[in-house]
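Open the model in your viewer and keep the selection tool ready. We will go stop by stop.

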Amino acid sequence: MERLSYDYFVFPGVTDRALRRYRAFLQPPGRRPRFPREAGCSCRGCSLDDVRHARDVLEKVLRRLPPRPRAELARQVHVLDRRYAERTLPDPLAPHRPWRSNRWWWRRQADGPEGT
Ligand SMILES: [Zn+2]
């Protein structure tokens with residue numbers, strides 16, 4: 001599926017990288033909230049630094065996989081989704097941001113761009 005993709009952001013190995021990135025974001029123990037950050041560079045490799053982009057990629061992959069692998073990946077992603085929902089804070093301004101606001105993982109409070 002990755003190899004046959006025409007989507008710039010879906011390339012060989014990306015599912016594994018996106019999953020690792022998602023897991024790493026939620027890794028720090030404790031209850032302190034986590035804030036997604038924009039990636040410093042918009043190429044398809046660096047974009048994965050933004051956990052929300054990593055989750056976008058996982059969504060694309062999920063939609064394209066055949067049923068069995070999709071169910072398998074969905075189980076892993078949904079476990080992480082629950083943790084993400086717990087560890088991030090809702091963004092009160094989300095309804096006023098038209099871009100990508102249909103994806104719930106973007107409607108969370110974020111930190112600014114990397115390095116600001
Ligand atoms: Zn880059």
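**Stop one: helices H2 and H3**

Select residues 51-64, helix H2, and residues 67-87, helix H3; the two pack at an angle of about 155 degrees, with their axes 10 Å apart. This is a predicted model. Which way do H2 and H3 run, roughly parallel or roughly antiparallel? Angles over 145 degrees count as roughly antiparallel, so H2 and H3 are roughly antiparallel to each other. Their crossing is left-handed.

Now show the side chains in the contact. From H2, pick Val51, Arg52, Arg55, Leu58, Val61, Leu62 and Arg63. From H3, pick Arg70, Leu73, Ala74, Val77, Asp81 and Tyr84. Colour them by class. Eight residues of this contact are nonpolar, five are charged and none is polar.

**Stop two: helices H1 and H3**

H1 and H3 pack at an angle of about 25 degrees, and their axes lie 10 Å apart. An angle under 35 degrees counts as roughly parallel, so H1 and H3 are roughly parallel to each other. Here too, look at the handedness: H1 passes H3 in a left-handed crossing.

Which residues of H1 meet H3? Select Thr15, Leu19, Tyr22, Arg23 and Phe25. Facing them in H3 are Leu73, Gln76, Val77, Leu80, Asp81, Arg83 and Tyr84. By class, the contact of H1 with H3 has seven nonpolar, two polar and three charged residues.

**Stop three: Phe25**

Zoom in on Phe25, a residue of helix H1. Is Phe25 buried or exposed? Phe25 has a relative accessible area of 3%. Buried means under 20%, so Phe25 is buried.

What is Phe25 in contact with, beyond its neighbours within four places in sequence? Select Arg34, Phe35, Pro36, Val51, Tyr84 and Thr88. Then draw a C-alpha to C-alpha line from Phe25 to Pro36. Those two are eleven residues apart in sequence and 8.2 Å apart in space.

**Stop four: Arg32**

Move on to the loop between H1 and H2, where you will find Arg32. Its relative accessibility is 69%, so Arg32 counts as exposed. Arg32 and Ala85 are 53 residues apart in sequence, yet 13 Å apart in space, C-alpha to C-alpha.

**Stop five: the zinc ion**

Which residues coordinate the zinc ion? Cys41, Cys43 and Cys46 do, each through its SG atom, at 2.2 to 2.4 Å. Along the sequence, the donor residues are spaced C-x1-C-x2-C.

Cys43 has a relative accessible area of 30%, so Cys43 is partly exposed. Cys46 is partly exposed as well, at 29%.

**Stop six: Asp7**

Finish towards the start of the chain. At 18% relative accessibility, is Asp7 buried or exposed? The cut-off for buried is under 20%, so Asp7 counts as buried.

Definitions and conventions:
Residues numbered from 1 in each chain as written. Predicted model: local features only at pLDDT ≥ 70, side-chain atom pairs only at ≥ 80, totals over all residues. Heavy atoms only, no water. Axes fitted to C-alpha atoms, helices over the stretch in contact; angles between N-to-C directions. Helix = DSSP H or I, 4+ residues; strand = E, 2+ residues; numbered from the N terminus. Parallel < 35°, antiparallel > 145°, perpendicular 65-115°, else oblique. Left-handed = near helix turned anticlockwise from the far one by under 90°. Contact = heavy atoms within 4.5 Å. Nonpolar A, V, L, I, M, F, W, Y, C, P; charged D, E, K, R; others polar. Donors = N, O, S within 2.8 Å, 3.2 Å for Na, K, Ca; no water. Buried < 20%, exposed > 50% of the residue type's maximum accessible area, 1.4 Å probe, protein only.
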